[in-house]
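Please look through the sequence and the structure shown here before reading on. The notes below are meant to be read with both in view.

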Amino acid sequence: MAVPEPAMEVRDLGQRWGLYAPEGGLGRMSLGWPLFRLPMHLVDYVIAHELAHVRAPGHGADFWRLLGLALPEFEARRTELDELGRRMWMGDIAWDSRIPVSAPPTDPAVHPCRPGPRPAGP
Ligand SMILES: [Zn+2]
């Protein structure tokens, strides 16, 4: 993607999968730890998504264009993340076999980064 590499951390982000904050230097990418319960190609999607925010802060056309250059199949991965993530929040996919799933978050449909409208056109 040819963007400067921000600092990176894994932490609790509530219902978000990832977050990019353009603070100091090259900024900071945070990844929510539940993300790592999902398949690695979806982790890649979230990382690519947050890296695109280094150059494009919002979810405008320039953001989706940049993400599409780095990850041409991003739409399919985004759809899969939405579906699999929703199932995980709802308890269809266990967080951890040692922890019973009893209280999913109140709004399971919330997407991490509030992706906004999908890009126009094919
Ligand atoms: Zn985003």
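What follows is a briefing on this protein, arranged by topic.

The structure is a predicted model, and the protein in it has three helices and three strands. Read along the sequence, these elements follow the pattern β-β-β-α-α-α. Buried residues make up 20% of the 122 residues in the protein, and among the contacts with a separation of 6 or more, 44% are between residues 24 or more positions apart.

**Confidence in the model**

- The pLDDT of the protein averages 82, and 75% of the residues score at least 70.
- Over residues 97–111 the pLDDT stays under 50, and for this stretch the model has 15 contacts beyond four places in sequence.

**The sheet**

- Three strands form an open sheet in the order E1-E3-E2, and their pairing is mixed.
- Strand E1 (7–11) and strand E2 (18–21) stand at the edges and have a single partner strand each, so one side of each is left without a neighbour in the sheet.
- On average, and with direction ignored, neighbouring strands of this sheet are turned by 20° against each other.
- As a general rule, strands of a sheet pair through backbone hydrogen bonds, and they do this in either a parallel or an antiparallel way.
- Here E1 and E3 pair in the parallel sense over five bridges, and within this pairing Leu 31 in E3 is the bridge partner of Val 10.
- E2 and E3, by contrast, pair in the antiparallel sense over four bridges, where Tyr 20 has Met 29 in E3 as its bridge partner and Leu 19 stands opposite Ser 30 in E3.
- E2 and E3 also form a hairpin with six residues between them, and in the turn Gly 24 has a positive phi of about 40°.

- In helix H2 (residues 61–70), the residues Trp 64, Leu 66 and Leu 67 are buried.
- Seen down the axis of H2, these buried residues fall within an arc of 160°, and therefore they line one face of the helix.
- Arg 65 and Leu 69 are exposed, and they are carried on the face of H2 that is turned away from its buried side.
- The buried residues of H2 pack against two other helices, namely H1 (40–55) and H3 (74–90).

**The nonpolar core**

- In soluble globular proteins, nonpolar side chains tend to be buried together.
- The largest nonpolar core of this protein has 14 residues, of which Tyr 45, Val 46 and Leu 67 touch the most other members.
- Strand E3 (28–32) supplies at least two residues of this core, and so do H1, H2 and H3, while the largest share, four residues, comes from H1.
- When residues up to four places away in sequence are not counted, Tyr 45 touches Leu 71, Phe 74, Arg 77, Arg 78 and Leu 81.

**A closer look at Leu 51**

- Is Leu 51 buried or exposed? Leu 51 has 24 C-beta neighbours inside 10 Å, and because a residue is buried if 20 or more lie within that distance, Leu 51 counts as buried.
- Leu 51 is found in helix H1, and it touches Met 1 and Val 3 when residues up to four places away in sequence are not counted.
- Leu 51 and Leu 67 are 16 residues apart in sequence, and in space they are 8.5 Å apart from C-alpha to C-alpha.

Definitions and conventions:
Residues numbered from 1 in each chain as written. Predicted model: local features only at pLDDT ≥ 70, side-chain atom pairs only at ≥ 80, totals over all residues. Buried ≥ 20, exposed ≤ 12 C-beta atoms within 10 Å, placed from the backbone. Arc of directions from axis to C-beta. Contact = placed C-beta atoms within 7 Å. Core = buried A, V, L, I, M, F, W, Y, C linked by C-beta atoms within 7 Å. Pairing = 2+ DSSP bridges. Axes fitted to C-alpha atoms, helices over the stretch in contact; angles between N-to-C directions. pLDDT = per-residue confidence, 0-100.
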